[in-house]
Amino acid sequence: MVGSDFDIFAADQRTQWAVEMGLIRIGEGINRIPADVLLRFPDQPRRKMVAMRNFAAHQYDDLDPRRVWTTLTRDVPALRSYLVEVVIPGLS
């Protein structure tokens, strides 16, 4: 469990790798969403999500744990809220 402490996260390479893989999977999933669906939700930050996927997948030695932590603790919860509040109701 990541908890709420960056220092614990930064010291746990296994958790960092697991989070990085999760970010890669989110970006891969975004790449598979049909264009017509993406057009229905123009406010979602798909380019940023795919960019983070690409960075996590290809910049192994340069991936800053602080950047991953920020994505994990700020951006992923914001994405979840957007999906629950906007996308899921918008699909019905």
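Predicted model: local features only at pLDDT ≥ 70, side-chain atom pairs only at ≥ 80, totals over all residues.
User: How many helices and strands does the protein chain have?
Analyst: The protein chain has 5 helices and 0 strands, where helices (H or I, at least four residues) and strands (E, at least two) are DSSP runs numbered from the N terminus.

User: At what angle do α2 and α5 pack?
Analyst: Helix α2 (residues 13-31) and helix α5 (residues 65-91) pack at about 50°, with axes 11 Å apart; axes are lines fitted to C-alpha atoms, for helices over the stretch in contact, and angles run from 0 to 180 degrees between N-to-C directions. That makes α2 oblique to α5, because angles under 35 degrees count as roughly parallel, over 145 as roughly antiparallel, 65 to 115 as roughly perpendicular and the rest as oblique.

User: Which residues of α2 make the contact?
Analyst: Q16, V19, E20, L23 and I26 of α2 do so, contact meaning heavy atoms within 4.5 Å.

User: Changing topic, which residues form the largest nonpolar core?
Analyst: That core has 11 residues: F6, F9, V19, L23, I24, M52, A56, A57, L63, V68 and W69. A nonpolar core is a set of buried (under 20% relative accessible area, 1.4 Å probe, protein chains only) Ala, Val, Leu, Ile, Met, Phe, Trp, Tyr and Cys residues joined through side-chain atoms within 4.5 Å.

User: What does M52 touch?
Analyst: Not counting residues up to four places away in sequence, M52 touches L23, R67, V68 and T71.

Note on methods:
Residues numbered from 1 in each chain as written. Heavy atoms only, no water. Buried < 20%, exposed > 50% of the residue type's maximum accessible area, 1.4 Å probe, protein only.
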